[in-house]
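Subject: Structure for your review

Hello,

Please find the structure for handover below. Comments on the contents follow after it.

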Amino acid sequence: KAFRDLMKEPATKKAFIIMIIQFFFFQMAGINAINFYAQTIYSEAGIKLDPRIASIISVSFPTVSTFIAAFFANKFGRRILLSTFNTLTVIGHLGIGIYFALKNHGISVEDLEWLPVVSLSISSISLCFGISTVSRISKFNLNFNNFRVLKVTYGLLGEVFTVQAKKVIAPMTQLVNFGLTFTIGISFPFL
């Protein structure tokens with residue numbers, strides 16, 4: 001079916017809107033800005049720690065966090081996980097914002113040089129526990145045990161669309177997602 005015909009189906013239209021909203025908040029949470037510009041952020045912050053090392057520290061947290069997030073979701077549930085870690089994401093973003101606001105207004109930030117590393121690390125970790133894992137928990141079978149893992153936002157593409165819609169609508173949704181990634185990547189240096 002054509003895109004126009006598929007969008008006439010209420011379930012497909014609703015799934016498309018949900019995925020667009022999901023990708024919008026996922027990208028606007030800043031995960032790609034942190035990953036793309038961590039070294040630049042640390043260089044601008046003027047911290048004594050080598051910006052390359054600091055960026056490796058803050059960007060490596062998501063790898064470990066994703067595995068741990070599955071166990072937290074099993075214990076506490078997605079709603080608590082989302083509300084808690086999305087709040088922590090905001091706190092992390094506020095920390096780095098306050099640091100640069102103080103620095104730009106000529107206030108000495110020598111005693112706060114730890115703040116950019118801690119803030120971006122908190123943001124990276126909490127994004128992995130929050131918005132980037134905000135989908136259905138499913139079982140993943142390994143040879144020796146059953147683990148419950150979180151499917152990331154991209155995993156929703158295969159779950160919310162019908163088989164016919166997956167071929168046409170899912171790529172359109174991804175196109176919007178990559179457009180948002182491009183927008184964040186290109187606009188971040190100006191912001």
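Predicted model: local features only at pLDDT ≥ 70, side-chain atom pairs only at ≥ 80, totals over all residues.

Overall make-up. The chain contains eight helices and two strands. Starting at the N terminus, the order of elements is α-α-α-α-α-α-β-β-α-α. Of the 191 residues in the chain, 39% are buried. Taking contacts between residues at least 6 apart in sequence, 68% join residues at least 24 apart.

Core. In soluble globular proteins, nonpolar side chains tend to be buried together. Here the largest nonpolar core has 30 residues. Tyr42, Ile47, Tyr99, Phe161 and Ile169 are the residues with the most contacts inside that core. Two or more residues each come from helix H2 (10–28), H3, helix H5 (78–104), H6 and helix H8 (163–187). H3 gives the most, with seven residues.

Phe161 can be looked at in more detail. Apart from neighbours within four places in sequence, Phe161 is in contact with Thr12, Ala15, Phe16 and Met19, and also with Lys166, Ile169, Ala170 and Thr173.

Helix pair. How do the axes of H3 and H6 cross? Helix H3 (residues 31–45) and helix H6 (residues 114–129) have axes that come within 11 Å and cross at roughly 175 degrees. Angles over 145 degrees count as roughly antiparallel, so H3 is roughly antiparallel to H6. On the H3 side, the contact is made by Ile31, Ile34, Ile41, Tyr42 and Ala45. On the H6 side, Pro116, Val117, Leu120, Ser123, Ser124 and Leu127 take part. Sorted by class, this contact of H3 with H6 has nine nonpolar residues, two polar ones and no charged ones. Tyr42 is in this contact and is also among the residues with the most contacts inside the core.

Asn32. Helix H3 also holds Asn32. Is Asn32 buried or exposed? Its relative accessible area is 14%, under the 20% cut-off, so Asn32 counts as buried. Not counting residues up to four places away in sequence, Asn32 touches Gln27, Tyr37 and Thr181. Asn32 and Ile184 are 152 residues apart in sequence, yet their C-alpha atoms are 7.4 Å apart in space.

Regards

Definitions and conventions:
Residues numbered from 1 in each chain as written. Heavy atoms only, no water. Axes fitted to C-alpha atoms, helices over the stretch in contact; angles between N-to-C directions. Helix = DSSP H or I, 4+ residues; strand = E, 2+ residues; numbered from the N terminus. Parallel < 35°, antiparallel > 145°, perpendicular 65-115°, else oblique. Contact = heavy atoms within 4.5 Å. Nonpolar A, V, L, I, M, F, W, Y, C, P; charged D, E, K, R; others polar. Buried < 20%, exposed > 50% of the residue type's maximum accessible area, 1.4 Å probe, protein only. Core = buried A, V, L, I, M, F, W, Y, C linked by side-chain atoms within 4.5 Å.
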